[in-house]
Amino acid sequence: MMNKDTKVGGILLIFSLINFFLLIPLQIGPLGSAQTIFPLFANTLLLLVSSLLIWRSFSLKEKLNEKIFPSRSGFNKILFAIVITGIYAFTMESVGYFIMTPLCLILGMGYFKVLKRYIVLVTLIVTSGVYFLFEVAMRYPLPMGMLSGIFY
Amino acid sequence: MLASTLAFIGSGFELAFTIQNIIGIVGGVSLGMVLGCIPGLTGTMVIAMMIPLTYYINPLTAIAALVGCYKGSLYGGSTSAILLNTPGTPEASVTCFDGYPLYKQGKGGKALKMALVASVMGDSFSDLVLLTVAVPVAAVALKLGPPEFAMLVLFSLTIVGSLSRGSMLKGLASGFLGLIVAIVGLDPILTTPRYTFGSINLDRGLQLLPLLIGLLALGEILVQVEGIVRGDTDRHKIKEKLSLDSNSENNKLTLGEIKQNLSVIFRSASIGTFFGALPGIGSITSAFVAYDSAKRTSKHPEKFGKGNLEGIAAPEAANNAVCGANLIPTITLGIPGSLSAAVLMGAFMIHGMMPGPMLMQEHPSMLYGLFILMLLANATMLLLGFPFIKLARRLFSVSKTILFPVILILCCIGAYGCDLNIFDMKVMVVFGLGGYLMKKTGLNPAAFLIAFILSPLLENSIRQSLIMSRGSPLIFFTRPICVVLIGITILSILWPIRQYFREKSKLKTKG
């Protein structure tokens, strides 16, 4: 079983190799040209350090059973938080602030079993508070999505 | 130089004392204290989330408010350390050693007052050092050319990576990864796209604020979400009534007690200022070193850990002293030595100012105005700190189950506010996940962020040096300052390796 450092070092090493052989020539320019000097320099440093990390992890024989990720219930909570934030960020433009914000707050607090009266209160305060602070006081136009006809 | 410095201090006073700045400072300090005392919200996380609120404020007020917020959060963190034995910020963890035992003895008010006085004194000491040394250091820095700057940045990166908590190699790897991620966008000299994959949004590069909020705020929340118990309101922690009767003799801090602790406070403030000015050593290390130093020099070392005022004065003075000292390399060289300094440097950049030796030349009055406002923030902390103690009790009962969903929404809106672009919100989510994974795998988000900020400076310095030398890398080995910097960079890498092998051989001989 690989320990944590071997996995981390391995991922970084693979990334630096992909970067060297694929990303730098395709995304930056031909190897050796002026614009590739710095990316090559940074990539070489990463390659060296990740190789050292792998070498050192093999020399340390303890810590074989270190867990990177938490228990199943902990993992579910994190997955939920990521999914909620992801949905919020990726659908905000099309659906709009006034639908997505209360929805995500209700789902978020509901998942953590917050009392219903607190959910209603916090959702109302945060949704209207952020709107007044950003849209009214600081004049940031928040994305209204489906409700854009009503608000603009 | 002295006459011009005095003139700048004078104009700094004129700039600093406006109603807008004073409101900014009072607001920043208050918000920092309130948010800092909530366990789970760190000082850097608080300022990262505050930055979007300062976009439309003038730069001096905005940065002063953010510095005030950071200072306030450090004190707020010690409040929960003393009353709940749960440090609100990691910096306050040493304060628990003697703060909580004092609270258990019914002297919580005395402990909080000592923490406040020591924090303010430590902070003021380092702010005065910053005020004194900023001009000479910036003057020296102006004489450095691109090769020296390149080596200086490289030295800072290696020292941040190698001195950071955890594995040195992982710290360095995080830093080098940060250098690569910062390349995304247009080439600074040739303006050709790099790592953009044809996306117009990536042409302008990855913006600092979404990355900062993602790594520091969202990443931290995800780590903490793991430990939340569903349906838990955290109220069980404060079942017992917090007794902080300010009229009680036990809770009064006398002038004699402050005098007794003055030497500890100033020694610890010096330790904090020294460590704060060096890259890579944060306030946590300073607090531990100051506590240890106070214990070793105390007449009653046996009382440490059982409720000794010196045990509160030392870490509080040291960790607050780091705040001003951190800004010495940040403002004068453009090199943030710690995570909080990197966040503050980000705030400078977002407000259109690039920290570095030129900042001292271009905006001297504004910088002196900022230093004066930092001193004003300390006085504000002293004034607001005492009434805040009563409010703190209510804040401890804020439940993470309510707080975290709200913070997730604020992170998204804050990232969007950077450029009013939904793409930044998506970048924030991606880096939030990245920050979480970095923490779980032992990589260092602080080193990553500092490298991300320093990457353009390093790239420009290297390429300018190579243009100067017509492509010869020997330019880095023929200039005396460069050679010295290369030497200490190699030493900064070799020293922890030597320590590692020494410890390993010691263990072998023991085992």
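This is a predicted model: local features need pLDDT of at least 70, side-chain atom pairs count only at pLDDT 80 or more; totals for chains, interfaces and linings use all residues.
1. Helix α5 covers residues 95–104 of chain B and helix α13 covers residues 310–333 of chain B; their axes come within 8 Å and cross at roughly 140°. That angle makes α5(B) oblique to α13(B).

2. To find this contact on screen, look on the α5(B) side for B:Thr95, B:Asp98, B:Gly99 and B:Leu102. Their partners in α13(B) are B:Gly311, B:Ile312, B:Pro315 and B:Glu316. Sorted by class, the contact of α5(B) with α13(B) holds 3 nonpolar, 3 polar and 2 charged residues.

3. Next, please turn to helix α10 (residues 208–225) and helix α14 (residues 339–350), both of chain B, whose axes come within 10 Å and cross at roughly 155°. With such an angle, α10(B) is roughly antiparallel to α14(B). The crossing in which α10(B) passes α14(B) is left-handed.

4. Four leucines represent α10(B) in this contact: B:Leu208, B:Leu209, B:Leu212 and B:Leu216. From α14(B) come B:Leu339, B:Val343, B:Gly346, B:Met349 and B:Ile350. The class count for the contact of α10(B) with α14(B) is 8 nonpolar residues, 1 polar residue and no charged ones.

5. Another helix pair to visit in chain B is α17 (residues 400–417) with α18 (residues 422–441), which pack at an angle of about 130° with their axes 7 Å apart. This makes α17(B) oblique to α18(B). Here α17(B) passes α18(B) in a right-handed crossing.

6. Which residues of α17(B) and α18(B) meet? In α17(B) they are B:Cys411, B:Cys412, B:Ala415 and B:Tyr416, and in α18(B) they are B:Ile422, B:Asp424, B:Met425 and B:Met428. By class, the contact of α17(B) with α18(B) comprises 7 nonpolar residues, no polar ones and 1 charged residue.

7. Now for the salt bridges: searching the whole structure gives 15 of them over all chains. One lies within chain B, where B:Glu257 pairs with B:Lys110 and the closest N and O atoms are 2.7 Å apart. The pair joins distant parts of the chain, with B:Glu257 in helix α11 (residues 255–277) and B:Lys110 in helix α6 (residues 108–142), 147 residues apart.

8. Finally, have a look at where the two chains meet. The size of an interface is often given as the accessible area lost when the parts come together. Between chain B and chain A the buried area is about 5800 Å², and carbon and sulfur atoms give 79% of it. Chain B brings 61 residues to the contact, and chain A brings 62 residues.

9. How many salt bridges are counted between chain B and chain A? The count is 1. B:Lys170 forms a salt bridge with A:Asp5, with 2.6 Å between the closest N and O atoms.

Methods: Residues are numbered from 1 along each chain as its sequence is written. Chains are lettered from A and ligands numbered from 1 in the order in which they are written. Side-chain values use heavy atoms; hydrogens and water are left out. Axes are lines fitted to C-alpha atoms, for helices over the stretch in contact, and angles run from 0 to 180 degrees between N-to-C directions. Helices (H or I, at least four residues) and strands (E, at least two) are DSSP runs, numbered from the N terminus. Angles under 35 degrees count as roughly parallel, over 145 as roughly antiparallel, 65 to 115 as roughly perpendicular and the rest as oblique. A crossing is left-handed if the near helix is turned anticlockwise from the far one by less than a right angle, and right-handed if clockwise. Contact means heavy atoms within 4.5 Å. Ala, Val, Leu, Ile, Met, Phe, Trp, Tyr, Cys and Pro count as nonpolar, Asp, Glu, Lys and Arg as charged, and the others, Gly among them, as polar. Buried area is the accessible area (1.4 Å probe) that two parts lose on being put together, summed over both. A salt bridge is a side-chain nitrogen of Lys or Arg within 4 Å of a carboxyl oxygen of Asp or Glu.
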